[in-house]
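Thanks for coming. Please have a look at the structure first.

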Amino acid sequence: MIRILICSIMLISCMTGQSINHSEVIDIKRKVMGIKMSGQIDHRTTEEKGWHYRHYDIGGSFPIAESWTAAIQYRSVYTLKDGNWVLEKRPHAQIQKTINTKSVKWAIKSRQEYRMKDGKDPGLRNRVRVMAKSNSSWKNLKPYIGNEFFYDMDINKYNKNRLLIGFDLTQFQFATPSIAFRHITTLADEKWKTTYTMIFKITF
């Protein structure tokens with residue numbers, strides 16, 4: 001397993017040094033007085049734009065019924081435009097239903113985002129994600145797959161889709177590394193454009 005981690009680190013180092021789309025994510029999760037607190041840092045780089053995106057997220061989730069949770073979060077999103085980092089303030093709320101079977105854990109999540117950016121009117125967006133993660137590991141690898149649908153409520157259009165396939169490295173007690181491939185389809189000028197991103201995440 002140590003060899004797998006070393007190889008993964010070497011792969012990440014090589015890939016982030018090359019011209020490929022990639023995202024590096026750090027997740028921190030802690031339970032405080034019955035509320036699951038979380039924080040996230042995400043930096044993204046593409047072949048076309050280079051390092052152009054970063055966000056910082058903090059929030060908490062709590063149970064509202066059996067197998068149901070709600071969450072309130074705040075995200076600061078920075079995108080690089082003409083050499084300057086432009087801030088978008090993004091408070092959001094979400095509700096999630098979990099279905100746990102013997103072999104697979106299903107999670108269905110709906111998120112409502114309020115997006116505020118200087119020089120633009122505030123906007124609303126809804127995101128629905130369906131995720132399935134194996135409850136068992138194979139050689140300390142736990143696979144998962146998910147799909148997220150984006151609906152822009154200002155223009156009343158489904159205009160983005162993200163398919164995610166990856167696996168967690170489950171042997172470590174101090175953290176859980178994860179490697180995933182994200183296939184992104186975006187509607188622009190009435191045409192669908194496809195891109196991809198390799199995601200390297202570690203959860204503490």
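A definition to begin with: a residue counts as buried under 20% relative accessible area, as exposed over 50%, and as partly exposed in between. Keep in mind that this is a predicted model.

Take Phe 149. Its relative accessibility is 36%, so Phe 149 is partly exposed. Tyr 158, at 37%, is partly exposed for that kind of reason too. Trp 192 has 42% relative accessibility and therefore also counts as partly exposed.

Now to the rings themselves. How many aromatic pairs does the structure hold? There are 6 aromatic pairs. One of them joins Phe 149 and Tyr 158: the ring centres are 6.2 Å apart and the planes stand at 50 degrees, so this pair is tilted. Next come Tyr 158 and Trp 192, with centres 5.6 Å apart and planes at 45 degrees, so that pair is tilted as well.

Where do these two residues lie? Tyr 158 is in strand β9, residues 157-169, and Trp 192 is in strand β11, residues 191-203, so their pair ties together parts that are 34 residues apart in sequence. Phe 149, Tyr 158 and Trp 192 make up one aromatic cluster.

Last, the charges. Lys 160 lies over the face of Phe 150, at 5.1 Å from the ring centre. Elsewhere on my list, Arg 54 has its charged end over the ring of Tyr 78, 4.3 Å from the centre of that ring.

That is all from me.

How values were computed
Residues numbered from 1 in each chain as written. Predicted model: local features only at pLDDT ≥ 70, side-chain atom pairs only at ≥ 80, totals over all residues. Heavy atoms only, no water. Phe/Tyr/Trp six-rings, centres within 6.5 Å; stacked < 30°, edge-to-face > 60°. Buried < 20%, exposed > 50% of the residue type's maximum accessible area, 1.4 Å probe, protein only. Helix = DSSP H or I, 4+ residues; strand = E, 2+ residues; numbered from the N terminus. Lys NZ or Arg CZ within 6 Å of the ring centre and 35° of its normal.
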